[in-house]
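Please open the structure in a viewer and keep the selection panel at hand.

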Amino acid sequence: MVFNSFGFVLLFLPAFLLAMELTKRIAQRKPEYREACKVVIIAFSLVFYGFFGIRNLAVITASVLVNALGAWLLQKKPKSFCKLLFVILVLVNVVSLLFFKFSGVFFPIAVSFYTFNQISYIVDTYRGDVGEFELVNYLAYILFFPKLLQGPLMGYGDFVGGLDKVISFKFDHEKMLRAMLLLSMGLFKKVILADTFGRAVDYGYDNLLTLGSLEAVLVAVFYSFQLYFDFSGYCDMASAVCMMIGFDLPVNFDSPYKAVSIVDFWKRWHITLTKFFTKYVYIPLGGNRKGAARMYLNFMIVFLLSGLWHGSGWTFIVWGAMHGVLYVITRAVTLGRITGKNISNAAGHGSVMIRHCISIMLTFIYVTVAWVFFRANTISDAITLLTRVFTGGSRRVATSILACFQLDELWYVIKVTPLMKLDFVWEICMWLFLAGSVVIIFFSRNAIEISQKCRIGIKTTLLTALLLVWSIVSFSGVSTFLYMNF
């Protein structure tokens with residue numbers, strides 16, 4: 001089951017909220033029933049994940065049971081035994097993840113996310129950072145459906161603390177309206193924006209050799225936007241569901257295309273994954289404690305592992321290497337810079353703003369070029385697309401690409417306007433679609449910030465209803481989230 005489905009919006013979510021509200025009210029009157037709220041979360045999470053099929057459910061069940069038993073033994077057995085058990089548990093998780101990624105036999109939905117969560121729990125348990133093992137808390141931590149498919153990757157302590165807040169949370173009408181606004185914005189990003197761009201991207205990558213220069217540029221940019229709206233849309237919806245029950249989900253996506261450097265980008269994109277690699281890979285490798293050369297090597301290892309985490313092909317390795325190389329260069333330049341008076345102050349506010357905008361633009365271009373390898377089936381396909389940017393020639397955008405932006409809703413509006421007489425009417429639609437997305441990505445506040453700070457009234461209620469209805473009526477043509485495949 002995915003968030004952008006009739007079953008989730010119309011049946012599963014209302015049933016979950018009702019069950020949680022009834023259980024919380026009982027628990028608030030009778031503290032001995034506090035664990036019942038966690039049981040409800042576990043039960044609904046299993047149902048949620050079970051919709052992906054029995055094989056997926058069997059894999060996650062086996063994984064959870066093995067790790068739960070291992071975590072329990074880590075706390076019960078002597079230290080001499082625990083070290084060996086710890087190594088075995090980590091290897092079992094890593095090997096199973098590599099098997100599913102590289103064997104080509106079967107790839108369980110979200111296996112990377114719940115495997116990383118379990119590795120973090122095992123490591124923290126071995127280090128003594130986790131309290132006494134509690135099976136209900138552990139199951140809720142791993143299976144919690146808002147973060148199960150695409151994160152964020154949470155620490156066990158933070159999650160359990162959040163559960164305690166859920167149990168004492170009282171229904172708030174205004175907070176529910178804000179959560180509904182956030183949910184509707186997330187659905188709109190995924191269903192209307194991401195999937196529309198996705199159709200154009202699929203056409204482009206299926207017809208690489210026929211693309212003109214402008215079309216090649218557009219396909220690359222469209223994929224950057226598709227991935228942005230797909231991932232941020234999921235984050236918005238996950239946060240909205242958590243907001244409805246009083247759970248604080250960590251921010252995992254913070255306007256990454258506003259980044260002024262690749263270092264800044266990784267502070268904004270998949271924030272919790274960056275923290276995971278920092279805590280469990282970069283620091284154990286030595287971090288920056290063993291000299292600059294070793295630090296830069298550690299950065300490259302982290303980014304290459306990030307590439308492997310996202311996919312098994314060489315394209316993902318190239319993507320990781322591209323980010324790693326620029327990250328190392330940026331850090332080296334930053335560290336090597338002579339400390340002194342900030343010359344930007346003397347240049348004036350205008351030039352500072354110009355440099356800021358140029359930094360954002362250059363970072364986005366580099367990230368977009370790297371995304372080409374991320375999306376392509378082979379390195380050859382990626383190079384072909386980049387080559388077509390310079391060799392494709394000058395021509396109008398193909399009708400097949402323009403057709404991807406011919407939404408029924410726009411068709412009915414355009415049909416009754418003078419625009420219908422223009423032979424380039426659908427080109428206008430595409431450019432308006434692109435311009436609107438640029439405004440959302442580069443100039444607007446985050447959806448979470450909007451939902452938290454906006455004034456609740458008739459306008460926001462109507463906006464919520466409009467986006468929600470528009471998204472729901474478009475469910476029949478939507479796809480699954482991209483990050484569910486990693």
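A salt bridge is a side-chain nitrogen of Lys or Arg within 4 Å of a carboxyl oxygen of Asp or Glu. This is a predicted model, in which local features need pLDDT of at least 70 and side-chain atom pairs count only at pLDDT 80 or more, while totals for chains, interfaces and linings use all residues. Residues are numbered from 1 along each chain as its sequence is written, and side-chain values use heavy atoms, with hydrogens and water left out.

**Stop 1: salt bridges**

Select Glu21, Lys24 and Arg25, which are linked in a network of salt bridges. The count of salt bridges comes to 14.

Next, select Asp248 and Lys165, whose side chains meet in a salt bridge at 3.7 Å, N to O. This pair links distant parts of the chain, 83 residues apart: Asp248 is in the loop between α10 and α11, and Lys165 is in helix α8. Helices here are DSSP runs of H or I with at least four residues, numbered from the N terminus.

Then select Glu215 and Arg395, another salt bridge, at 3.0 Å from N to O. Glu215 belongs to helix α10 and Arg395 to the loop between α17 (379–391) and α18 (399–403), so the pair ties together parts that are 180 residues apart in sequence. Buried means under 20% relative accessible area, exposed over 50%, and partly exposed in between (1.4 Å probe, protein chains only).

Finish this stop with Lys453 and Glu449, a salt bridge whose closest N and O atoms are 3.6 Å apart. Both residues are in helix α21 (residues 447–453); because they are 4 residues apart, about one helical turn separates them. An α-helix has 3.6 residues a turn, so residues three or four places apart point the same way. Lys453 is exposed, with a relative accessible area of 59%, and Glu449 is partly exposed, at 29%.

**Stop 2: the nonpolar core**

Select Phe8, Phe222, Tyr257 and Trp371, the residues with the most contacts inside the largest nonpolar core, which has 163 residues. Such a core is a set of buried Ala, Val, Leu, Ile, Met, Phe, Trp, Tyr and Cys residues joined through side-chain atoms within 4.5 Å. Helix α10 (residues 213–245) gives the most to this core, with 22 residues.

Centre the view on Tyr257. Which residues does Tyr257 contact, leaving aside neighbours within four places in sequence? Among them are Ser224, Phe225, Tyr228, Phe265, Trp269, Val367 and Trp371, where contact means heavy atoms within 4.5 Å.

**Stop 3: helix α16**

Select Thr368, in helix α16. Thr368 is buried, with a relative accessible area of 7%, and beyond four places in sequence is in contact with Ala220, Val221 and Ser224. Now select Ile365, placed in α16 (residues 349–375) and partly exposed, at 43%.

**Stop 4**

Select residues 79–102, helix α4, whose 24 residues reach 34 Å from first C-alpha to last, close to the 34 Å expected at 1.5 Å a residue. Its buried residues include Cys82, Leu85, Phe86, Leu89 and Asn93. The buried residues of α4 pack against α3 (54–76), α5 (111–127) and α13 (292–310).

After α4 comes Gly104, with a positive phi near 75 degrees. Move on to Ala110, in the loop between α4 and α5, which has a positive phi of about 65 degrees although it is not a glycine. Ala110 counts as buried, at 0% relative accessibility.

**Stop 5: two further loops and helix α12**

Select His270, in the loop between α11 (262–265) and α12 (271–282). His270 has a positive phi near 45 degrees and is buried, with a relative accessible area of 0%. In α12, the buried residues include Ile271, Phe276, Phe277 and Tyr280, and their cover includes α5 and α13.

Lastly, select Gly151 and Pro152, whose peptide bond is cis, with omega near 10 degrees. Pro152 lies in the loop between α7 (145–148) and α8 (156–168).

How values were computed
Helices (H or I, at least four residues) and strands (E, at least two) are DSSP runs, numbered from the N terminus. The expected span of a helix is 1.5 Å times one less than its number of residues.
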